[in-house]
Amino acid sequence: MAGDDGSSAGAGGRRGGTEDEVQIQIAGSSKPKTSSTNETATQSSPTKHWHWWLMIVLNIFFLIAGQTASTLLGRFYYNQGGNSKWMSTFVQTAGFPVLFIALYLFHSKSTQTATTSPETSGTKITLIYIALGLIIAADDLMYSYGLLYLPVSTYSLICASQLAFNAVFSYFLNAQKFTALIFNSVVLLTFSAALLGVDEDSQGTNGLSHGKYILGFVLTLGASAAYSLILSLMQVTFEKVIKRETFSVVLNMQIYTALVATIASLIGLFASGEWKILEGEMHAFGSGKLSYVMTLLWTAISWQIASVGVAGLIFVVSSLFSNVISTLALPIIPVFAVIFFHDKMDGVKIIAMLMAIWGFISYGYQLYVNDKKARKTSVSVEESS
């Protein structure tokens, strides 16, 4: 994954050890490449090539759909009278049990555990999951405060900074190489989301005090930095620690870190005393008690769908590309806000959305170029053997 976009991308997959579990070649992985001609030919086979692209498309869909739905539901929760920051934090990871269904579907009979290898210590991976889970819990809490104290457009503007943070972390932690196309993509997507904040900042902060606005700004900025760090650390874990190339690895990463984050959020919910107001909050919810429960339920499920997309794109491509797609979703959210919340759609929002699409196409074309180079290289090796 590291350096994936400045070097040749391995677009195929490979089978390792048995015939039961399909493994995916990580694009441009920084791990040492095998010199085996047969394995190179296998990696570049048409079936594995399209399987790699299918994984990218599916994870993009999961990330955009999940992030859009969860953000809109989070706004709906606050609009209808919800006010618990810890509950909002809790639902961002509490839906992880639904991932056991997907884990069962991707389970390999030939593999006893999908997240460990002979080189991986159980203690080491456990400590990594705990550390990442705690960072995720803190990150979710900061995002919850930001969504409560800031207008959605300003919130999106600050969230766009995560791409810049991730570019820095990817360079130092993941040896990410930058090409003109990648730089163009990062700049366009950052400016695209920034336009949303410029467009609506003049409308004020919905009556909130200046102090709460500043708090929301600082916490959202901190959350964006933490989120970018999480993505880069996940990539390092996939490459340097887990060293397994199966989709079940992605699911296990999400399940166990979400479990830790959920426990931390639950402790925070009770320690803060917010659990005492939940019953009254449910009865006072604008659209009714059933709507309150369903809002929290589907918010939790939506966040897990998005998280699978995030981890999947880190696994298949890189943490930077995962963040590019996450940023791409920011200008898309206002479109659905127009439909469901009757927000106004003006020219600035349309321009922001077009810039986001342009930035996405720029990065996608870089992947295509890398993939094409990789296939030409593998064919040349096969012909010379």
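Guide: Quick definition before we start: accessible areas here come from the Shrake-Rupley method with a 1.4 Å probe, and for residues only the protein chains shown count as cover. The chain exposes about 16900 Å², and carbon and sulfur atoms supply 68% of that.

Visitor: What kind of model is this?

Guide: It's a predicted model: local features need pLDDT of at least 70 and side-chain atom pairs count only at pLDDT 80 or more, while totals for chains, interfaces and linings use all residues. Residues are numbered from 1 along each chain as its sequence is written, and side-chain values use heavy atoms, with hydrogens and water left out.

Visitor: How many helices and strands does the chain have?

Guide: There are 14 helices and 2 strands (DSSP runs numbered from the N terminus: H or I of at least four residues for helices, E of at least two for strands).

Visitor: And what percentage of the residues is buried?

Guide: Of the 385 residues in the chain, 53% are buried (under 20% relative accessible area; over 50% is exposed, in between is partly exposed, with a 1.4 Å probe and protein chains only).

Visitor: OK, aromatics. How many pairs turn up?

Guide: The whole structure has 11 aromatic pairs (Phe, Tyr or six-membered Trp rings with centres within 6.5 Å; planes under 30 degrees apart are stacked, over 60 edge-to-face, the rest tilted). One of them is Phe76 with Phe285, an edge-to-face pair at 6.1 Å centre to centre and 75 degrees between the planes.

Visitor: Why does that pair tie together separate parts?

Guide: Because Phe76 sits in helix α2 (residues 46–79) and Phe285 in the loop between α11 (278–284) and α12 (289–316), parts that are 209 residues apart in sequence.

Visitor: Is Phe285 buried or exposed?

Guide: Phe285 is buried at 4% relative accessible area, whereas Phe76 counts as partly exposed at 22%.

Visitor: Switching topic: what does Ser88 touch?

Guide: Leaving out residues up to four places away in sequence, Ser88 touches Tyr78 and Ser144 (heavy atoms within 4.5 Å). Ser88 is in helix α3 (residues 85–91) and is buried at 12%.

Visitor: How many cavities of 30 Å³ or more are there?

Guide: There's 1 (on a 1 Å grid over the protein atoms alone, points where a 1.4 Å probe fits but cannot get out). The largest cavity has about 630 Å³ of space (the volume filled by probe spheres set on the points, which are joined across faces, edges and corners).

Visitor: Which residues are closest to its centre?

Guide: Gln92, Asp140, Tyr143, Tyr227 and Trp303, out of 37 lining residues (those with an atom within 4 Å of a point). Helix α12 gives the largest share of that lining, 7 residues.

Notes:
1 Å grid on protein atoms, 1.4 Å probe; cavity = no way out; pocket = protein on both sides within 12 Å on 5 of 7 lines; lining within 4 Å.
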